[in-house]
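Please keep the sequence and the model in view while reading.

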Amino acid sequence: MLEKLFRRKKPSKKEEQLQLPSGLWLKCERCKTLLFRGELESSFWVCPKCGYHFPVPAKDRLYMLFDKGTYEELDGELTPTDPLNFKDRKSYRQRLEEAQKKTGLKDSVVNARGKIEGREVLVSCFDFRFMGGSMGSVAGEKVTRNAERAAEEGIPFICITASGGARMQEGVLSLMQMAKTSAALARLEERGVPFITILTHPTMGGVSASFAFLGDVIIAEPGALIGFAGPRVIEQTIKQKLPEGFQRAEFLLEHGLIDMIIERRELKKTLSKLLLHFGG
């Protein structure tokens, strides 16, 4: 009797049809709509219902940005080390190995050379999956190298950010990258070569406090969180409630801190117009 009561029922034909392969359907974090993966891919990972921009790995962003999705990866041999022999719950080396295995990347930034609507550009793109897109020595070196290449060759430089800030496991060596990248961009400005930043969700800490806001044109994706310290940290510090939407891209645009908000599907077209304007 008990065996009959607790026996697993055979699923109905309708239930069997609803048991879809894992990952084929995804739920939008904002509107909670169930979306077909193919539909999302064709819309550049933007929810067709509410416009929510899904996080995108660096190499997928580059594929969407460059003509025919083709580009040359640069500085791919650079690998982070553990200069401070940092340990907390896990050693820094363990965290690096886990992030490298998870993402297939050696660090949080991918450097690339390619064409946008036929115009050659250099791009540094952050990948938030790699330790929160944190900026250590390798990430800073990659951004600096691309800025120096752009200055030397007269090629426009684009940086796509997605970062929680400086990488604490590298201490002051990580903080040094803020000055290092900014100095390279100052030389780029002296040469009159365009630098465009695209701030995606989130762009925080040392990245926002250095090169992210040094672009000749500063673009943000809709709804991106952009700032130095997070909203909760600020509220606890000043003991005041922050305005609604504080540090979101729309708030920054309204207060003149960025130049434009561009939906991901329109980004390539917008960049092409800007490059034409700059004489690229």
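Of the contacts in the chain with a separation of 6 or more, 66% are accounted for by residues 24 or more positions apart, where contact means heavy atoms within 4.5 Å. The model is predicted: local features need pLDDT of at least 70, side-chain atom pairs count only at pLDDT 80 or more, and totals for chains, interfaces and linings use all residues. Residues are numbered from 1 along each chain as its sequence is written, and side-chain values use heavy atoms, with hydrogens and water left out.

The C-alpha trace spans about 85 × 45 × 45 Å along its principal axes. The chain holds eleven helices and nine strands; these are DSSP runs numbered from the N terminus, helices being H or I with at least four residues and strands E with at least two. Of its 280 residues, 45% count as buried, meaning under 20% relative accessible area, as against exposed at over 50% and partly exposed in between (1.4 Å probe, protein chains only). The accessible surface amounts to about 15,400 Å², and 53% of this belongs to carbon and sulfur atoms; the areas come from the Shrake-Rupley method with a 1.4 Å probe, and for residues only the protein chains shown count as cover.

On one side β5 runs antiparallel to β4 (residues 109–116), to which eight bridges join it; two strands are taken to pair if DSSP finds at least two bridges between them. Within this pairing, Val110 has Cys125 as its bridge partner. Two residues separate the strands of the β4–β5 hairpin, and Glu117 there adopts a positive phi near 50 degrees.

β5 also pairs with β6 (residues 157–163), in the parallel sense and over four bridges. Together with helix α6 (residues 137–153), β5 and β6 form a right-handed β-α-β unit: with the strands pointing away from the viewer, the path from the first strand over the helix to the second runs clockwise.

The largest nonpolar core comprises 31 residues, of which Phe126, Phe157, Leu188 and Phe211 touch the most other members. Such a core is a set of buried Ala, Val, Leu, Ile, Met, Phe, Trp, Tyr and Cys residues joined through side-chain atoms within 4.5 Å. At least two residues each come from β5, α6, β6, α7 (171–190), β7 (195–203), β8 (217–220) and α10 (249–254), and α6 gives the most, with five. Apart from this core lies another, of 26 residues, including Leu65, Ala112, Cys125 and Val217. Beyond its neighbours within four places in sequence, Leu188 contacts Ala147, Ala150, Ala151, Phe157, Val193, Pro194 and Phe195.

Most residues other than glycine have a negative phi, and most peptide bonds are trans. The bond from His201 to Pro202, however, is cis, with omega near -15 degrees, and Pro202 lies in strand β7. Trp45, in the loop between α3 (37–42) and α4 (58–65), has a positive phi of about 60 degrees. Lys68, in the loop between α4 and β3 (71–74), likewise has a positive phi, near 60 degrees.
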